[in-house]
Amino acid sequence: MTAATRSSSPRVTMDGGRASNEPRLSVEQVSYAYAPNPQQAPIFTLEATSFQAKAGEVVAILGPNASGKSTLLQIISGALQPLSGRVLLNGFVTHDLEPRTRGQRIAVVQQESQLLFPSKAWEFVMQGRHPYGKSLRFETGDDVLIAKNALAQVGAEHLSDRWMDQISGGEKQRVILARALAQQPLLLLLDEPTLHLDIGAQVDLLETLRRLAAENRYTVVVVTHELNLVGEYADQVVLLQRGKCLRVGAPANVYQRDLLEQVFQTRLTVEMGSNGRPRVNILPGEQS
Amino acid sequence: MKNCAINCLLRLATVAVFLCATAAVVSARPEQAESASTPKEAFRTVSDETGRSVRIPVPVRRVVSLAPSLTESLYALGMDELLVGDTDYCDYPPAAMKKHKVGGATNPSLEEIALLKPDVVLVTKGLNRLETVQELERLGIAAYATDPHTVDEIRSSVRRLAEILGNAAEGDALDRELRQQETGLHQRLQDVAPRRVLFVVWSDPLISIGRHTFIADALVHAGAVSVVESSQDWPQMSLEEMVRLQPEYLVFASSHSDAVSRDVEALARRPGWEQLEAVKHRRFAVVSDAVNRPAPRLFSAIEDLARQLHPEAFAEKSETSKSAAPAEKN
Amino acid sequence: MRPLTVSRLLTQCLILGAILFCVMVLALKFGAVHVSLYGLGRDLLRVLMGKSTEISSDYSLILNLRLPRIFLSVLVGASLSIAGTSFQALLRNPLADPYVLGVSSGAAVGAILALLLEPRLALSPEIASVFTPLGGFLGAAVAITAVYFLGRREGRVDSSTLLLGGVIIASLLSAFISLLLSVMPSSNVRGMSYWLMGELTAVPSRPLAWVLRVGFFVAAAAIYTTASDLNLLLSGEKEAMHLGVDVRRVRLVVYIAASALTGLAVAMSGSIGYIGLLVPHVMRMIFGSDHRILLPASAFGGAIALVIADTLARTIAAPSELPVGAITAIAGAPLFIYLLRRRLT
């Protein structure tokens, strides 16, 4: 790591005094419900869910569509207030943080970013520096360095001067990730980042996430429904179905055939790979 | 850092110089324009027809007219040598076309007016805009407004105008002349029932005149009465309403009577219009467009209209007019 | 990778300011009175030195007539452009202009009502001169508030509902204006039609001019403080929120300040079109969409454009004056078509 890279890693002082294996992220019994209109009873999109994550860990929130994954992610990010329970990041309740402070600690990578007027990739990444300093800010030399570094970390330095609407989907995804890194967060949240990517790009992304989590001591939470990517790259899996949290644990523990078949409504088999990671094979034909 | 400071300073300096200049300039008094022209002038304060008090220099030497009717009045009073500027639309008498033009009546160029250094600017509420008057006031130029609504008011307005401009004698003379004309006409029409007419300003949509306009009053003086009872000045009427009211005559204002004949023929062919008795029997009168201007020429137009509507009241005057049908007369 | 620095920002503003200055000086030159810049400069110097009585009457005329009008053009042009830029960012819609939220219709209704009421109230001359602009501004304020409440969804202001609310209010008020115009006495109708087309001949009185200047600077400064936030808002509301932008506060500040700017501009000079819509686009083509430079650039650009348009309005059909809104429309529409086609290719 060069000096520049070192300066771009998260400030370790935030964790100061905390033992390195104490949980950084603590999700405690969060649930969420909303009422479509005042007359109807509220619908629970997420029932009481809990899990914890340490620095350097990659957590996957796994489940089929409409299982409450995105809701859980929004609650963790502090944007949505849970109906019950709370989310603690290094002891601070995420929802109660000031937006600025939250932006310094939590970075969220959404799906497609709709840009109204085209901007260059480096401008886009610089936006990640916004939570630092005053509301009306002009970028400092440090900001430039951090942004450059962020692009380097995702392997997108060559895209720096390109226009955002002229690069491919995978390249855009990398730039968006670089913006999140520029925030120098403690927690990195990604909502279905592999949706529009081809297989090679998907693997690339997960590799990068695992590497970044280890190098920069991020806690990474990824929402996805890609069974095998999760099996291969996640340290912890939170399995959701229709708002209920069915299992939390390492992939080897969570990937039980009966459980997965029930959740994903399809016949499959689970194999243990040589590296201790489970692999799922979908069986075609009649469904269970 | 140093670059930033220099830039800041430069910019502030520009802005500062600018602000100083404008502050100084804006505080230059508008009276400069007046004092440059005639340093030793007397003034009198009069009240114009809208109730404003206007400060006019004595004597008045330079007048700008912002309405064709006021220009006409000045010529009728024989005071046209005072006129130094008028609007693009001041076309009567033809000599008025040669005066310096200051633009339209509603959008004149204030610079042109100010350049002419008038002692007073004549405006009328029915045509000119309040904004123009406010701007003139801001520049320290006197603006005298007329606002006649009836024929009598037009007459007294012209008379007052002459007095304001320093020639009451002319005003009185014209006033007497017009009054005579009016009285003469009134006598002829004394025992005649007024004709019910529709004054057509525009045929599609059908627009007529309201009861508070001077044109409505002019119709009364001509032995007619407008069937339209509206408080708006230019009301839009429905054809059905006109069919219900069945006016006896249609009245058009135009300088080309043969063009009107053709228009009426065209109107007769339009759906709905042939239901009007006046259209069916081609009973219409054409009066000169002087009727649109609240000026002395209006009186002649009134008489002309009266001749068309009540030929029998003028019978002893000429043989030809007795037999001629109203529609063909000019 | 060259981020925007304060010094670069100021340099660009300085250049634009210099261009504006030149345009203003040129505008002073054109008109009914022949102006030599040397003579004007000499008189200006005399005024500064306190010898105001020695100015020739012609130049005094210029300074009383043209200069205030040029300043008004600068103020109105800058206000409309800043408002246009802000609304385009706030509503995430490149077709937004300052009037899209019904502000100008509200101002028009207020001004018409003021014109109707004025003869019935015995007003002192000072109040009479501000009555119509005041009515306009109040009308604008009412429209803004109505649209704001219409545009709320689940307690938050939502861009698409806001836009919809604005369109509804604007069309409702337009119909109301047509109704009012048809029953108004004709003398006032004439005045209103010029006002609706936009004109800059009504120069505000001293106290009103101060209100305008102060209002402009306060509103423009308020919007500028959100410039960085607006950049992020363009990426999306959720993204902006996660990057630390207080979306709700930014929305409110920009909405009120941009509406105030529009209301002031419209109250003074009617609805002059195309400035608020096109100047931001042109400036974006030159300076990019970073609002820290785009906002001041739009302000200068709008001022320059309107001073030029007003000069043309005064001189093309001399001695008559055309309404400046007609000039901006005639020039603006083809430019708009050209810009649209560029975007689509």
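These questions and answers walk through a predicted model of chains A, B and C.

Residues are numbered from 1 along each chain as its sequence is written, while chains are lettered from A and ligands numbered from 1 in the order in which they are written. In this predicted model, local features need pLDDT of at least 70 and side-chain atom pairs count only at pLDDT 80 or more, whereas totals for chains, interfaces and linings use all residues.

User: Which element of chain A gives the most to the side that touches chain C?
Analyst: The contact takes 28 residues from chain A and 27 residues from chain C. Two residues are in contact if their C-beta atoms, placed from the backbone, lie within 7 Å. Helix 3 (99-105), helix 4 (121-126) and helix 5 (141-153) of chain A each give two or more residues; helices (H or I, at least four residues) and strands (E, at least two) are DSSP runs, numbered from the N terminus. With 4 residues, the top contributor is helix 3 of chain A.

User: How many charged residues does the side of chain A that touches chain C have?
Analyst: Ala, Val, Leu, Ile, Met, Phe, Trp, Tyr, Cys and Pro count as nonpolar, Asp, Glu, Lys and Arg as charged, and the others, Gly among them, as polar. On the side of chain A that touches chain C, 12 residues are nonpolar and 11 are polar. The charged residues number 5.

User: What is the bridge partner of A:Leu89 in strand 5 of chain A?
Analyst: Strand 4 (residues 84-89) of chain A runs antiparallel to strand 5 of chain A, and 2 bridges join them. The partner of A:Leu89 is A:Phe92.

User: Which residue of strand 10 of chain A stands opposite A:Gln241?
Analyst: In chain A, 6 strands form an open sheet in the order 6-7-8-3-9-10, with mixed pairing. Strand 6 (106-109) and strand 10 (244-249) of chain A are its edge strands. Strand 9 (residues 236-241) of chain A is joined to strand 10 of chain A by 5 bridges, and the two run antiparallel. Opposite A:Gln241 stands A:Lys244.

User: What percentage of the residues in chain B is buried?
Analyst: Chain B has 13 helices and 13 strands. A residue is buried if 20 or more other C-beta atoms lie within 10 Å of its own, exposed if 12 or fewer, and partly exposed in between, with C-beta atoms placed from the backbone. Of the 330 residues in chain B, the buried part is 41%.

User: Is B:Glu265 buried or exposed?
Analyst: B:Glu265 lies in helix 10 (residues 257-269) of chain B. Within 10 Å it has 11 other C-beta atoms, so B:Glu265 is exposed.

User: How far apart in space are B:Glu265 and B:Ala315?
Analyst: In sequence, B:Glu265 and B:Ala315 are 50 residues apart. C-alpha to C-alpha, the distance is 28 Å.

User: What share of the chain C contacts with a separation of 6 or more comes from residues 24 or more positions apart?
Analyst: Chain C has 14 helices and 2 strands. Buried residues make up 51% of its 345 residues. Residues 24 or more positions apart account for a share of 77%.

User: Which residue just after helix 1 of chain C takes a positive phi?
Analyst: Helix 1 (residues 6-29) of chain C has 24 residues. Its buried residues include C:Leu10, C:Leu16 and C:Val23. Just after helix 1 of chain C, a positive phi of about 155° is taken by C:Gly31.

User: How many residues of helix 11 of chain C are buried?
Analyst: Helix 11 (residues 247-269) of chain C reaches 32 Å from its first C-alpha to its last. That is close to the expected 33 Å, where the expected span is 1.5 Å times one less than the number of residues. Helix 11 of chain C is mostly covered, and of its 23 residues the buried ones number 17.

User: At what angle do helix 3 and helix 12 of chain C pack?
Analyst: The axes of helix 3 (residues 57-90) and helix 12 (residues 275-287) of chain C are 7 Å apart. Axes are lines fitted to C-alpha atoms, for helices over the stretch in contact, and angles run from 0 to 180 degrees between N-to-C directions. The angle is about 70°.

Conventions:
Pairing = 2+ DSSP bridges.
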